[in-house]
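Please read it alongside the sequence and coordinates.

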Amino acid sequence: MKTKQDFPSINERPPEGLKEDGTCFRVLVIDDSMFVAKQLGQILTSEGYEVVATAVDGKDGVEKYKELCPNVDLVTMDITMPKMDGITALEQIMAFDKNAKVVMVSALGKEELVKKSLMLGAKSYIVKPLDRKKVLERIAKVLN
Amino acid sequence: METRNIVQVAEDLLRETEEKKEAISAFDFKMVTFSLCDKDYAIDIMHIKEIAKAGKFTYVPNTLPFVLGVYNLRGEIIPILDLRIFFNIDVPKRDENKLENLLILNIDDQKFGLVVDKIDKVVGVHKNSIQPPHPLFADINIKYISGIVENNNRLYVLLDVIRIFALREDSEKSASKGYVDNQTEIQKAEKIMPTLPKKPDTSDLDLKFIAENLAEFKNFHATDVNRTWLKQRYSEWKEERGDDVQLKNSNDADAFLKPFWSKHNEKWWSKEFAQTVTKLLPENSAKQIVVWNPGCGQGFEAYSLACVLKQKYPTAKVRIYAHDIDLLAVSNATMINVPKDIASDWYAPFVTQKTNGEYTFKQDIKDCIMFEYHDCKNSNTLPMVDLVFARDTLSFLDEASQKNVISDFIEKMKGNAIAIIGENEAMPVSFNFREQNYGTLYAYSKD
Amino acid sequence: MNVVYINPFVATSISILQEVLGGAEVKRGDLGLKPTAVPIMGVAALVGLAGDVEGRVLFDMTIDTALKIASVMNGEDLPEFDDLAKATISELANLITAQVVTKLHELGFHFDLTPPALFVGQKMEVAALDGENVEALIVPLLTEYGKVEINFSIRERV
């Protein structure tokens, strides 16, 4: 997977995953693909984020969120998953916690899906294949 | 033209024999010997007027093949025959500029020339040494042989020119009859003497080779669907090309197939043709008219059909499934442009002008047609159809596939559906289609 | 296969494959049509389609090619075709099919895809749709790691 490396800047930037108080932003990754979870995990941890948990389908994702709350700062959500798809899971999480920050990460880029997710409360929508820079930008924006 | 005086030659010969010490009884028969295809022949010297060498004969049209033409012999026009062709033996390729050896004969005050390979000499023999012909000794028709004679360790076949001449006269009077007789005689002789190069009837074999070449070059398969057309085309082709019937390359195959293509194949339809098709279509009050158009090519048929159908069945929804295995053609079909002159013809109500001035079909026409990249040999997911329009498609499938596809047609055709195939194609009898024709178009319906 | 689908299928397959392989050269072989039941080269990733059209997209390649592609996608050399490699190839299938669905959606065709299924085995044959042989469009893609054949078999919901 080609990932664009940030050019080393003269001024050292603090990793985006670190909050001001020094602790990491905690992320829950929900995706049925082991590969994507690994990939996202790599991108996130390289920038200082902490992946607190991974869920393999929508149902599992909702459950884990309910358990971990409020120790989760951000959720990444895939859409095509068995048992429960990402849109339904999003709905349930938002119902559970209206302040949840969920970012959709999906291969499907259908306009209607994007609109629906944003209307349901998702904070952003990223289309796969994953571009490291874009992922980090979007996540940082949501968490700002 | 050089001439050798025959009398001079004869005299020389006499002198020669006179010089011989041995008492030889005088030869009572003299003949001029020559060769045809390396075989020695001879003709009674009494018939021969002179020997000559000549080049260009004036070709006379519509004569039998062994009549080469006429020649001007010192002011007298005489016909020239090629004895080799007459006897159906291999003729070396005629060199236009080479001088041929001519024997000028005089029979019944009629002069004519005979072309032979080589003229040898005058030979004198005893009449009683001439033996009656045995078929085995000669490889030309026995009727023309008056005898065989041996001289100087060489065997000569003595030709009966009178007979030959007589036959020639007949032939000239009733050309085909004489020739046929000649041919059958030769064939009879051929049966006895297998050494003669045969010319059997090769048309079945030729046709088979042509069919194979068509399959190879153009993917055209000769089967029951096109057999009638193929036979007729073959006889036309044979007449055109004579002996050179075989298809040697793709261009030959193209030329052969040219008359096969249905009218308006890969072209826009004329008003008349559209009207004929309209007449062919049965009355149908169904709400949906479904058409299967395999082999749609660039789409001319599909679009024209859409217009015709919309006109004939204005209340129905038209759906045409247009299939082809030519990906490029069928992909471009969705965006076809209509040339200006066509757009103003009977297609006018169905086209619209684009912003760049070009014409294309209105959206409701385009919506009728589903262009698909599909091989009709594979199974399809079509619903039941009212019309199968497969022109010049079946002939380009191998035999087994043709049968399968026709079975598919039958399976998918509704009770009152019709199938229209190429103008030179016909449904094989085994499928029990009912046939109805309108001009050159045939509509097949299920029985 | 409706001709409107063909270009999106082919273009997407090439571009995504190229992207995940880090810009490596991907050449398209000649397109073809086959009756669906096709023998598999060793690894098959299957993604289902449902909606206005129904059918499936099959990604076919040898184990060797699959391993190499998975290695490139993960940025590390995978020694054997383990769960991670399998997940990677499944993801590849998902990516391509999903973008196809998106593109066709923009053209007005509405359908969805199912999560991918991965099959590994020798002398396998993936059989046809509900017993009937629905024709498949074959798109061969040639990469430096080997050939990937994409097999689209869909039909419209009548």
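pLDDT is the predictor's confidence in each residue, on a scale from 0 to 100. The structure shown is a predicted model, and its scores are ipTM 0.81 and pTM 0.64.

**Confidence in chain C**

- Chain C has a mean pLDDT of 87, and 94% of its residues reach 70 or more.
- Within chain C, the lowest confidence falls in strand β3 (residues 38–39) of chain C, where the mean is 73.
- The highest confidence in chain C belongs to helix α2 (residues 63–74) of chain C, at 92.

**Contact between chains B and C**

- Here 15 residues of chain C are in contact with 15 residues of chain B.
- On the side of chain C that touches chain B, at least two residues each come from α1 (3–20), β2 (32–35) and β9 (135–143) of chain C.
- The element that gives the most to this side is α1(C), with three residues.
- By class, the residues of the side of chain C that touches chain B are 10 nonpolar, two polar and three charged.

**Contact between chains A and C**

- Chain A brings 17 residues to this contact and chain C brings 22 residues.
- The side of chain A that touches chain C comprises nine nonpolar, three polar and five charged residues.

**A sheet in chain A**

- Five strands of chain A form an open sheet in the order β2-β1-β3-β4-β5, with parallel pairing.
- The edges are held by β2 (50–55) and β5 (124–127) of chain A; each has a single partner strand, so one side of each lacks a neighbour in the sheet.
- From one strand to the next, the twist averages 20 degrees.
- Five bridges join strand β1 (residues 26–30) of chain A to β2(A) in the parallel sense, and Val29(A) has Thr54(A) in β2(A) as its bridge partner.
- Helix α5 (residues 132–143) of chain A packs on the sheet, where it touches β3 (74–77), β4 (102–106) and β5 of chain A.
- The direction of α5(A) makes about 175 degrees with that of β5(A).

**A loop residue in chain B**

- Ser270(B) lies in the loop between α7 (250–257) and α8 (271–280) of chain B.
- Ser270(B) counts as partly exposed because it has 15 C-beta neighbours inside 10 Å, whereas a buried residue would need 20 or more and an exposed one 12 or fewer.
- From C-alpha to C-alpha, Ser270(B) is 9.7 Å from Ser304(B), with the two residues 34 apart in sequence.

Conventions:
Residues are numbered from 1 along each chain as its sequence is written. Chains are lettered from A and ligands numbered from 1 in the order in which they are written. This is a predicted model: local features need pLDDT of at least 70, side-chain atom pairs count only at pLDDT 80 or more; totals for chains, interfaces and linings use all residues. Two residues are in contact if their C-beta atoms, placed from the backbone, lie within 7 Å. Helices (H or I, at least four residues) and strands (E, at least two) are DSSP runs, numbered from the N terminus. Ala, Val, Leu, Ile, Met, Phe, Trp, Tyr, Cys and Pro count as nonpolar, Asp, Glu, Lys and Arg as charged, and the others, Gly among them, as polar. Two strands pair if DSSP finds at least two bridges between them. Axes are lines fitted to C-alpha atoms, for helices over the stretch in contact, and angles run from 0 to 180 degrees between N-to-C directions.
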